[in-house]
Amino acid sequence: MKSFLFPVLLAPVLALATDPAPPAGQICQPEKLVAAEAFDRPEAFLGKAPPTAPGWRGGIGTWSIRDGAAYAVQEGPSEKRPNGHEAVCEHVVDLGDYLLTAEFKLGTSPQIGFVCRDTHNPNHHQGRVVITPTAIWIQKMSGIAKETRREELTKIPVQLDPHTWHRITVEVCGDRFFARIGSHVLEARHERFQDRKGRIGFVARDEGAQFRAVSLWSAQPKS
């Protein structure tokens with residue numbers, strides 16, 4: 001078990017059986033391991049821990065452990081959110097550049113994303129890579145709730161088996177956002193990505209997406 005001191009918190013690295021080796025980045029050089037979670041145990045989610053406690057927050061929607069992985073069910077329609085809301089799981093951080101690796105399975109979910117938000121209060125959307133069975137794209141974002149705005153920066157067609165586990169690497173360094181899923185690679189640039197990150201995580205629509213072996217690293221741009 002390792003610990004790293006962040007501006008407010010002493011953040012313990014969460015539990016994989018062993019700490020993962022630093023991944024080989026394309027645009028980022030990983031520095032310190034922030035979190036490494038297998039998502040094979042209910043304790044992976046913080047539940048009602050204080051807002052500043054370090055760890056993965058299964059926030060909006062319902063998160064559980066199924067078949068050794070995090071299982072997502074989006075929030076249903078309510079008075080507050082008439083159209084419901086995608087399931088959201090995030091780690092509270094204070095990071096500039098970062099590198100994230102994970103495994104995912106779409107299952108019956110039509111769309112998932114790996115996301116970051118800034119340090120506003122509340123945290124505004126910043127950027128994400130969005131994944132469907134037939135396309136992957138990177139978008140820059142701003143605002144929160146009804147004020148959310150998004151702009152698609154780059155998109156590629158794919159054929160992803162929704163019932164197969166896929167591995168993703170996400171790197172955000174400076175104004176660059178890079179994502180690799182198997183042999184599929186895409187990159188976009190926008191000044192919005194330079195803002196400091198206050199939350200990093202993953203989201204899923206409807207029900208059925210699963211996530212496991214998630215590792216998050218602070219990083220710096222490769223020279």
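## Cysteines and the disulfide

A disulfide is taken here as a pair of cysteine sulfur atoms within 2.5 Å. In this predicted model, the sulfur of Cys89 lies 15 Å from the closest cysteine sulfur, that of Cys116, which is too far for a bond. Cys116 is likewise in no disulfide, the nearest cysteine sulfur being that of Cys28 at 11 Å.

Because Cys28 lies in strand β3 (residues 28-37) and Cys173 in strand β13 (residues 166-173), the pair ties together parts that are 145 residues apart in sequence. The torsion about the S-S bond of Cys28 and Cys173 is about 140°, so the disulfide is right-handed. Cys28 is buried, at a relative accessible area of 0%, and Cys173 is buried too, at 4%.

## Nonpolar cores

The largest nonpolar core holds 44 residues, of which Phe104, Phe114 and Phe211 touch the most other members. Leaving aside residues up to four places away in sequence, the contacts of Phe104 include Ile112, Phe114, Ile131, Leu160, Trp165 and Phe211. A second, separate core of nine residues has Cys28 among its members, along with Ile27, Ala36 and Ala219.

## The largest pocket

The largest pocket has a volume of about 1100 Å³, and of the 32 residues that line this pocket, Ile60, Arg81, His85, His125 and Ala145 are the closest to its centre. Its lining comprises 11 nonpolar, 10 polar and 11 charged residues. Strands β7 (87-95), β9 (112-118), β10 (125-131), β11 (135-142) and β16 (197-204) each supply at least two residues of that lining.

Terms used. Residues numbered from 1 in each chain as written. Predicted model: local features only at pLDDT ≥ 70, side-chain atom pairs only at ≥ 80, totals over all residues. Heavy atoms only, no water. 1 Å grid on protein atoms, 1.4 Å probe; cavity = no way out; pocket = protein on both sides within 12 Å on 5 of 7 lines; lining within 4 Å. Points joined across faces, edges and corners; volume = space filled by probe spheres on them. Helix = DSSP H or I, 4+ residues; strand = E, 2+ residues; numbered from the N terminus. Nonpolar A, V, L, I, M, F, W, Y, C, P; charged D, E, K, R; others polar. Core = buried A, V, L, I, M, F, W, Y, C linked by side-chain atoms within 4.5 Å. Buried < 20%, exposed > 50% of the residue type's maximum accessible area, 1.4 Å probe, protein only. Contact = heavy atoms within 4.5 Å.
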